[in-house]
Amino acid sequence: MIKDIFYELLGVYTKDKSLIQKLWAEIETNYTSRARHYHTLQHLENIFKELCECYDEISDWDTILFSLFYHDVIYNSSKKDNEEKSVDVAVKCLLQINYHSHRIDLCCQEIMATKSHTINDNYDVNLFTDADLSILGYSWEKYEEYYKQVRKEYSIYPDFLYKPGRKKVLQHFLDMESIFKTEFFKNKYENTARTNIQKELSLL
């Protein structure tokens, strides 16, 4: 369970159980908000599973786990600064456990990279953003469930506003030389992701 992974991770850096409980409560509250349908604890579980499969390629496992927990901790479909605000929450947590400054910087990089999903000089960053996008390369049934959940998160927008924005996002991925930045995820999901995105576009 994702909660156990968080407790175990924090336990390496602090013995303050009340602090760990408080930090987890903040994460749980945010990811289980009624406004969320895709960016939930299940999304975190999914990314964790993907990261475990490329564990040997990751240089800083703990930092990538912190990025996992905090990358969508703030998510408001009507705002454009979710990543920046999520970074602020992550930094506040990591300072409380005296996490090393260069590792905090890496965590911030990983979270901010999920905004544009462009290639990064740091391989861990690329693995993290690829894991974040892995749903794009799942079976059509899973992909269909995903885009319907995203639509629910944007339910405040009528179709005439939502559809052009969604088309722009999808086309942005198709225009990339490669959606996935690492060979690991490219080999695993690139072809199916492009097929799924094209199919969704045709349905919009």
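A pocket, on a 1 Å grid over the protein atoms alone, is an open set of points where a 1.4 Å probe fits, with protein on both sides within 12 Å along at least five of seven lines; its lining residues have an atom within 4 Å of a point. Grid points are joined across faces, edges and corners, and a volume is the space filled by probe spheres set on the points. The structure shown above is a predicted model, in which local features need pLDDT of at least 70 and side-chain atom pairs count only at pLDDT 80 or more, while totals for chains, interfaces and linings use all residues. Residues are numbered from 1 along each chain as its sequence is written, and side-chain values use heavy atoms, with hydrogens and water left out.

The largest pocket has a volume of about 1200 Å³. It is lined by 34 residues, of which Tyr-75, Glu-83, Lys-115, Tyr-154 and Val-169 are the closest to its centre. Helices are named here as DSSP runs (H or I, at least four residues), numbered from the N terminus. H5, H8 and H9 (residues 159–175) each supply at least two residues of this lining. The most comes from H9, with eight residues.

The next topic is the interior. A residue is called buried under 20% relative accessible area, exposed over 50%, and partly exposed in between (1.4 Å probe, protein chains only). A nonpolar core is a set of buried Ala, Val, Leu, Ile, Met, Phe, Trp, Tyr and Cys residues joined through side-chain atoms within 4.5 Å. In soluble globular proteins, nonpolar side chains tend to be buried together. The largest nonpolar core here has 62 residues, and those touching the most other members are Ile-2, Phe-66, Phe-69, Tyr-70, Leu-136 and Ile-197. Helix H4 (residues 61–70) gives the most to this core, with seven residues.

Why is H4 described as largely enclosed by the rest of the structure? The reason is that 10 of the 10 residues of H4 are buried. Among them are Trp-61, Asp-62, Phe-66, Phe-69 and Tyr-70. The cover over the buried residues of H4 includes helices H1 (2–11), H2 (17–31), H3 (41–53), H5 (82–96), H6 (101–113) and H7 (123–132). Contact means heavy atoms within 4.5 Å. Apart from its neighbours within four places in sequence, Tyr-70 is in contact with Phe-6, Leu-23, Ile-27, Tyr-31, Ser-86, Val-89, Ala-90, Cys-93 and Ile-111. In H1, the buried residues are Ile-2, Ile-5, Phe-6, Leu-9, Leu-10 and Gly-11. Their cover includes H2, H3 and H4.

Aromatic rings form a further theme. A pair of aromatic rings is described by the distance of the centres and the angle of the planes. Rings of Phe, Tyr and Trp (its six-membered ring) pair if their centres lie within 6.5 Å; planes under 30 degrees apart count as stacked, over 60 as edge-to-face and the rest as tilted. The structure holds 20 aromatic pairs. One of these joins Tyr-143 and Tyr-146 edge-to-face, at 5.3 Å centre to centre with 65 degrees between the planes. Because they are three residues apart in helix H8 (residues 140–153), Tyr-143 and Tyr-146 are separated by about one helical turn. Tyr-143 is buried, with a relative accessible area of 0%, and Tyr-146 is also buried, at 9%. In a further pair, the rings of Phe-184 and Phe-185 have centres 5.0 Å apart and planes at 75 degrees, so this pair is edge-to-face. Phe-184 is partly exposed at 24% relative accessibility, whereas Phe-185 is buried at 0%. Tyr-38, Trp-140, Tyr-143, Tyr-146 and Tyr-147 form one aromatic cluster.

Some rings also carry a charge above them. A charge sits over a ring if NZ of Lys or CZ of Arg is within 6 Å of the ring centre and within 35 degrees of the ring normal. The charged end of Arg-36 sits in this way over the ring of Tyr-31, 4.7 Å from its centre. Likewise, the charged end of Arg-151 lies over the ring of Tyr-162, 4.1 Å from its centre.

Two loop residues complete the description. His-117, in the loop between H6 and H7, has a positive phi of about 55 degrees although it is not a glycine. His-117 is buried, with a relative accessible area of 8%. Thr-129 of helix H7 is in contact with His-117, as well as with Ala-113 and Thr-114, when neighbours within four places in sequence are left aside. Asn-98, in the loop between H5 and H6, also has a positive phi, near 55 degrees, but Asn-98 is exposed, with a relative accessible area of 68%.
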